[in-house]
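Please look at the structure below before reading the points.

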Amino acid sequence: MDSVKSSSLTPNKSRLARTFTKVLHIRALTGIAPVHETQKVKPQEKISDDCTASKSAGIAPVHGTQKVKPKEKISDDCTASKSTGSQSESFDSVEEEFQNRVQLQALVAKLFASISSVKAAYSQLQYAQSPYDAEGIQDADHYVISELKVLSELKQCYLKKQFDPSPETTMLLAEIQEQKSLVGTYDIMGKRLESQTRLKDSEIMFLREKIDEIRKQNRLLEKSLNQSGPISFTGDLHSSGVNVSHFIKVLGHTIKSVRSFVRMMVDEMRSSGWDVNAAATEIEPDAVYWHDDHRCFAFEAFVFREMFDSFHKLNFSLPNESLPEKRKQKQFFFARFMELKLRKTKDFLSQNSRTAFAKFCRVKYLRLVHPKMESSLFGNLDQRSLISSGQFPDTTFFGTFAEMARWVWLLHSLAYSIEPEASIFQIKKGSRFSDVYMESVIDEMFLSPDSDPFVAFTVVPGFMIGKTAIQCRVYLSQ
């Protein structure tokens, strides 16, 4: 019985050995690793599978082996090998495309850098043309031509696919070149602006000199006009023939003379560094102006108030001045009017320094022109000292003031020569505007149709001669 069992097991063993040898041979050919290196197998499951295989074969299980189908394994390895090869080819293609893109970017960077260089060269060419610089124009021309050649070379490189082998370095160098070109362009622009600034400065100096010259001519004209001498009335004028039209004519000359003095005073204040706007606010602190130029009306109002103060009195700021009896007053004032209207102010004061008009000029000047103001405008008080001592300075400023005082004095003399006598009036601040007694010194364009303006201050006083009203001139505000 033992011999039978032995003979029955031998064929099975030899068949298993041949199968095992074939498997090992296939592994050696395909390079498949043993099972314990490539796949983790749970011990219990492996033992169970081996026992099952042993039972089916009628032999003891063999450990460390696994059934493998040779044809399927070879097919899988070929597929994996082909996949690996295709991935390698795809990677090479992506790397080549990336390299081409970087090289193209480097070429574009060189293109922009070259364009910036052309722009800088053209700016240099324009700068050399004005003012004309032959050498600079020639250098800029060569610079432009060389940069245009570079652009042409870049075009050929692009068409022939001749890219730079070191694109990163090329891009950095192109960036540096572009920045240098921009710096050169801005430098030329700065030089051009400096040249324009110098040109504008010279124009400003020329215009300032021209303005100063025009101002001097205007002062000479004003001086000649103010000292033009006698008033021309048609026909012989008698005390009985003085009427409202004569008074209005003299009032017009008076207003012009006051404005001439105010312009000169404000110009002197500006030249001395005064804040004219602050000074106007000090005169009329509650006024709201439609335009900054309207602040001059505050100075006019101030001068009119000072010069016309005590206008309603016969002695007109000269309390110690003797006056004739009432029945002779009209003839007295008419004679005073005729005496001064036929004379020039400068000549009259130099020859009649003790007359009532000379005293009037002293009083009004010392009251109108403050010592601090005179010291600020002229650097001294020489004019004030001369006037206080009974003399009169030969200056343009005082000459303009004296001419203004002359017209105010003539208007006062005429006011008491006319029948009925003229009376002066002013409008109270805050009063509603009435075109019967008032006239606006500003254009109507500043006043809206639906506005309800009121009087901010009176600029020129008004007068009543009997039932005739000569409108006062006021500055209106909302």
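Strand E3 (residues 454-460) pairs with strand E6 in the antiparallel sense over five bridges. Strands here are DSSP runs of at least two residues (E), helices are runs of at least four (H or I), and both are numbered from the N terminus. Two strands pair if DSSP finds at least two bridges between them. The model is predicted: local features need pLDDT of at least 70, side-chain atom pairs count only at pLDDT 80 or more, and totals for chains, interfaces and linings use all residues. Residues are numbered from 1 along each chain as its sequence is written, and side-chain values use heavy atoms, with hydrogens and water left out.

**Strand E6 and its partners**

- Valine 455 stands opposite leucine 476 in E6.
- E6 is also joined to strand E2 (residues 438-440), by three bridges, and these two strands run parallel.
- Methionine 438 has cysteine 472 in E6 as its bridge partner.
- Strand E6 (residues 472-477) has five of its six residues buried, so it is largely enclosed by the rest of the structure; buried means under 20% relative accessible area, exposed over 50% and partly exposed in between (1.4 Å probe, protein chains only).

**The sheet E1-E4-E5**

- Three strands form an open sheet in the order E1-E4-E5, with antiparallel pairing.
- E1 and E5 are the edge strands, each pairing on one side only.
- From one strand to the next, the twist averages 25°.
- Strand E1 (residues 422-425) is joined to strand E4 (residues 462-465) by four bridges, and serine 423 stands opposite methionine 464 in E4.
- Three bridges join E4 to strand E5 (residues 468-470); phenylalanine 463 stands opposite isoleucine 470 in E5, and isoleucine 465 has threonine 468 as its bridge partner.
- E4 and E5 form a hairpin with two residues between them, and glycine 466 in the turn has a positive phi of about 65°.

**Helices H7 and H15**

- The axes of H7 (residues 244-271) and H15 (residues 396-415) come within 9 Å and cross at roughly 155°; axes are lines fitted to C-alpha atoms, for helices over the stretch in contact, and angles run from 0 to 180 degrees between N-to-C directions.
- H7 and H15 are therefore roughly antiparallel to each other (angles over 145 degrees count as roughly antiparallel, under 35 as roughly parallel, 65 to 115 as roughly perpendicular and the rest as oblique).
- The contact (heavy atoms within 4.5 Å) includes Phe247 and Met264 of H7 and Phe401 and Trp407 of H15.
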